[in-house]
Amino acid sequence: MSLEIAYAAMGGDLETVRGRLLTDERIEKFAKIFLQDTSMQTLENALEAGDFAEAFRGAHTLKGVSRDLGFTPLFEASCELSDALRLDDAGTPANLAAVPELMPKVREAYTLVVDSIAII
Amino acid sequence: MLNRALLADMIGDSFRIIEAEDGKQAVAQLQKEGTGISLVLLDYVMPHMNGFDVLELMNKNGWIKDIPVIMVSAESDAAYVERAYELGVTDFINRPYDVNIVRRRVMNTLMLYQKQRTLMGMVADQVYEREKSNNLMVYILSHIVEFRNGESGMHVLNVQAMTEMILTHLVRLTDQYELTPEDISLISMASSLHDIGKIAIPEEILNKPGRFTDEEFEVMKTHSAVGADMLDDLELYKDEKLVRVARDICRWHHERYDGRGYPDGLSGDEIPISAQVVALADVYDALTSQRVYKPPFSHEEALRMIRDGECGSFNPLILQCLTEVAEELKSRLNRGVTGREINVDTLHVTDIAADAEASSRTLELLDYERMKYHFFASMSNEVQFEYTAEPSIIVLSDWGDRKLGLPEIVMDPYSDEAFLSVFGQANIDKLNKMLRATTPESPTVNMEMEVSVDGESRWLHLIAQALWSDENPPAYLGSIGKFIDIDDQQAQLRDLQFKAYHDPLTEVVNGAFARKVITERLGEDHGAERSDDRFVMLVCDLDLFKQANDNHGHQFGDKVLQHFADLLQESVRTTDVVARVGGDEFLVCMECPPDPRPLVARIHSSLEGEIDGFPLSVSMGVSTTDGGVRDYDELFRQADVALYHMKRTGRGGYVFYEDLTDEERGSLFEGGHTALSGIDSDEDDQ
């Protein structure tokens, strides 16, 4: 039951995830492992340091993982952010101007996910 | 991290899963495990090297042919997918992961590759069998000709082997003749047919023991053209490459470079290179074989006759090849059954193995070699390594990483702090320079270097081989090699040498070593400006030593000997030789001033005294090089005779051999004993 409550709290898509990952045990296990994932920290640190390649990788990883686990709002926020941070051939981010606006959304969604998982 | 863990979890535990954090580590693992890896799941977004960089490297190293790759990605951009397929990925898995899809794709790809390997193996085996049968047929055919000629089949096999050797060497020497390994193999096989025309020569001419008449020789000479005609007249297959090459060889293997051969009088490179080489092989083998009209000549004689032009003229390049493969030739030809097996089989096995589309047989062999390598690496006391230049990665053998305190895989060793702190920047730069200065022909490098392991300095001997690509000019790919810890070795050697040359009780050197060193020192002066250097030799014996043993026990006896040895060493310079040459007999040898007597007196007096109440009384016999004696044995004999005299006439003193009368010198031998046994019996009287 707690898995359902947690997903409802964060606005996640549990049904689809069940279809893909098959067992609740697996979903629960990796949701908890997500708490130890360092991508968010990587993203924050890299932005602070102005290392956009590393920031993109952090956002990209966050996007992939949140999608795998059906953390829909976090997936959507990190998706927008990673698109903004994606480097062109010259190594400059696609839309740096949007980052100050997108980053708080990612933080907010991330915090919600972490808090929700904590109740499982 | 989570990404990889999730994939691993979905694939399940029936596979061994190796995780790599980034592109570089993935490459390092591929390099280490090779085809031990059945499948790679590759992400695109990674630090250091992205997924495409890894794929490009897998292409460059040929891994992509044997190791399937499934690309894992959240990207669905068409250009991106296209590029991945171009780089040889087998399939895609799109995010988000779906357990069933992941499992299906992984299993499908594995099965596809397994099937492909099995099929490739089957084809390779069949090709091999076919090749073998072909070779056999050609061999039997040519044997029929030889059989009629009253010769064994060795001639054909020798010509074949030699043709292959010379051609292989020729392409290394020059690119003037465009010959692929397949061409060489084909020409070697076709060479067996060079004499088939002889089937049309009447037997009484073919096997005539003496010289031919002019008419007979004209008939004999037709065999080359006849052989070619026989092949030209083939209904089927006459345009096959093998048949065309064999035809050229048949017709022109008696042409000569200067145009004086037959049947067409072609000269220089008008004669196909195949026929030129077979002509030489034919001549060489005829010379070194027995014929009805001649005995066999030796390898050396045959070479000489060919070089001197006694058998007609040949292309200088081919003659150069002959000279350069002469040693190999001597060892490979006329090896009876073994030689035959080599000729029929090996050529074509290597052809298959050399093929880039490795068969399952080759892959198994590679895996086997890898296993063997790892086993021996773990057994040996050496650190083995493989280094690739692009990307810069060094892989150390399992044992080696523990020995050097470095991880098994080091990325970018040229800028890795831990790596550099062990090996030192200067050593690494020097090694890199040496390796890059090698050539594909002589790629080996030897170097000794001082390294630092856990803060301790050690000496390593390094043997490495640079790996060069086949391109022209060759590119430096990396190196393989091993470090041998010579610190341990040298310490062991020093220890052994010490033991071999030292008396274990007193730790002065033993007689054998003293003899060696003194002989060297005496000899050194011969002819040198120091020829007026003089040496004095003292043979010292402890008086009443037997009493020390008898009355106080052997332990005390040992103590006396040790004390005496110490006294002796203290009384001379460290460069002088002090040795224990018998039970209680010691030898001292040193350079001395013109008058050695004060020196000897000083040494003698410094030895006298007592130890724990036991009186030390020493008898010494002295000899010098003054009389011109510069031979160890003679000096020792003289000192020993003097010592014996000293013991006979009262102990606790020294005598110079030169002071003895002839009678005294000779008296020693009256009793028929040696000096030493004389002393022993002397003490028994006490």
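pLDDT is the predictor's confidence in each residue, on a scale from 0 to 100. The structure described here is a predicted model, and the predictor gives the complex an ipTM of 0.87 and a pTM of 0.47.

**Confidence in chain B**

In chain B, pLDDT stays under 50 over residues 335–358, a stretch for which the model has 32 contacts beyond four places in sequence. Residues 670–686 of chain B also have a pLDDT below 50, with 18 contacts in the model beyond near neighbours in sequence. The table gives the helices of chain B where confidence is lowest and highest.

| Helix of chain B | Residues | Mean pLDDT |
|---|---|---|
| H14, lowest | 336–354 | 37 |
| H10, highest | 241–252 | 94 |

In soluble globular proteins, nonpolar side chains tend to be buried together. In this model the largest nonpolar core has 76 residues, and B:Val69 and B:Met71 have the most contacts inside it. Helix H6 (residues 72–85) of chain A gives the most to this core, with 7 residues. Within chain B, domain 1 (2–97) and domain 3 (380–485) each supply at least three residues to the core.

Which residues does B:Val69 contact, leaving aside its neighbours within four places in sequence? The contacts of B:Val69 are B:Val40, B:Leu42, B:Leu55, B:Ile64, B:Gly88, B:Val89 and B:Thr90.

Another core, of 45 residues, lies apart from the largest one; B:Cys540, B:Phe545, B:Phe564 and B:Tyr632 are among its residues.

Notes:
Residues numbered from 1 in each chain as written. Chains lettered and ligands numbered in written order. Predicted model: local features only at pLDDT ≥ 70, side-chain atom pairs only at ≥ 80, totals over all residues. Helix = DSSP H or I, 4+ residues; strand = E, 2+ residues; numbered from the N terminus. Contact = placed C-beta atoms within 7 Å. Core = buried A, V, L, I, M, F, W, Y, C linked by C-beta atoms within 7 Å. Buried ≥ 20, exposed ≤ 12 C-beta atoms within 10 Å, placed from the backbone. Domains from an automatic or database assignment.
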